[in-house]
Amino acid sequence: HPDVTVAVAAVRSLGRVKPAGAVGVLVSLINSAWEKERVISACQALGKIADPAGIEPLAQLMAPRGLFWRQRRRSPLVRAAAASALAQISHPKVAKVLARHLDDNDSRVRQIAHDIVNRP
């Protein structure tokens, strides 16, 4: 939807309802949306769905920005939302992804990574 508020509400409902195929739709949104509100809501929905298929797209959002001009600069809020969503997915790969961010510049990302990597 062109209205960000409506789009964010729709994405949040996907996270609550958890319909089949929602992960693909959310990943597509992450890859195409420019507004951080849309991307953050997609991250939150992926966290609520907690499907391991969301791990790689969330990990890519947290990766440092590349050198190529086509790669978008990632908002600290988007990176924190991606880390938080990863923390909600119960899968061994999550700890490996977050371990790369134990020394992250963002304290929120660093704390989430520390909590998951050092989980008993």
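Visitor: Buried means under 20% relative accessible area, exposed means over 50%, and partly exposed lies in between (1.4 Å probe, protein chains only). Is Lys96 buried or exposed?

Guide: Lys96 is exposed, because its relative accessible area is 61%. Please note that this is a predicted model, in which local features need pLDDT of at least 70 and side-chain atom pairs count only at pLDDT 80 or more, while totals for chains, interfaces and linings use all residues. Residues are numbered from 1 along each chain as its sequence is written, and side-chain values use heavy atoms, with hydrogens and water left out.

Visitor: Where is Lys96 placed?

Guide: Lys96 belongs to helix 6, residues 92–99. Helices (H or I, at least four residues) and strands (E, at least two) are DSSP runs, numbered from the N terminus. The C-alpha atom of Lys96 is separated by 17 Å from that of Arg108, 12 residues apart along the chain.

Visitor: How many helices and strands does the protein have?

Guide: There are seven helices and zero strands. Read from the N terminus, the order of elements is α-α-α-α-α-α-α.

Visitor: And what does the C-alpha trace span?

Guide: Along the principal axes, the trace spans about 40 × 35 × 20 Å. The radius of gyration, taken over C-alpha atoms, is 14 Å, which agrees with the value near 14 Å for a compact globule of 120 residues. The globule rule is 2.2 Å times the number of residues to the power 0.38.

Visitor: What share of the residues is buried?

Guide: Buried residues make up 39% of the 120.

Visitor: Which residues of helix 3 are buried?

Guide: Helix 3 is mostly covered, with 10 of its 14 residues buried. Among them are Val39, Ile40, Cys43, Leu46 and Ile49. The buried residues pack against helix 1 (4–17), helix 2 (22–32), helix 4 (55–62) and helix 5 (76–87). A contact here means heavy atoms within 4.5 Å.

Visitor: How far does helix 3 reach from its first C-alpha to its last?

Guide: Helix 3 (residues 36–49) reaches 20 Å, close to the 20 Å expected at 1.5 Å a residue. The expected span is 1.5 Å times one less than the number of residues.

Visitor: Arg38 lies in helix 3 as well. Why is Arg38 counted as buried?

Guide: Arg38 is counted as buried because its relative accessible area is 10%. Not counting residues up to four places away in sequence, Arg38 touches several residues, including His1, Asp3, Val8 and Leu29.

Visitor: What follows helix 3?

Guide: Helix 3 is followed by Ala50, whose phi is positive, near 60°. Ala50 lies in the loop between helix 3 and helix 4, and counts as partly exposed at 30% relative accessibility. Most residues other than glycine have a negative phi.

Visitor: What is phi of Lys18 near?

Guide: Phi of Lys18 is near 60°, a positive value in a residue other than glycine. Lys18 lies in the loop between helix 1 and helix 2 and is partly exposed, with a relative accessible area of 46%.

Visitor: New topic: how many positive and negative side chains are there?

Guide: The protein has 18 positive and 9 negative side chains, and the centres of the two sets lie 2 Å apart. Lys and Arg count as positive and Asp and Glu as negative, while His and the chain ends are not counted. Each charge is placed at NZ of Lys, CZ of Arg, CG of Asp or CD of Glu.
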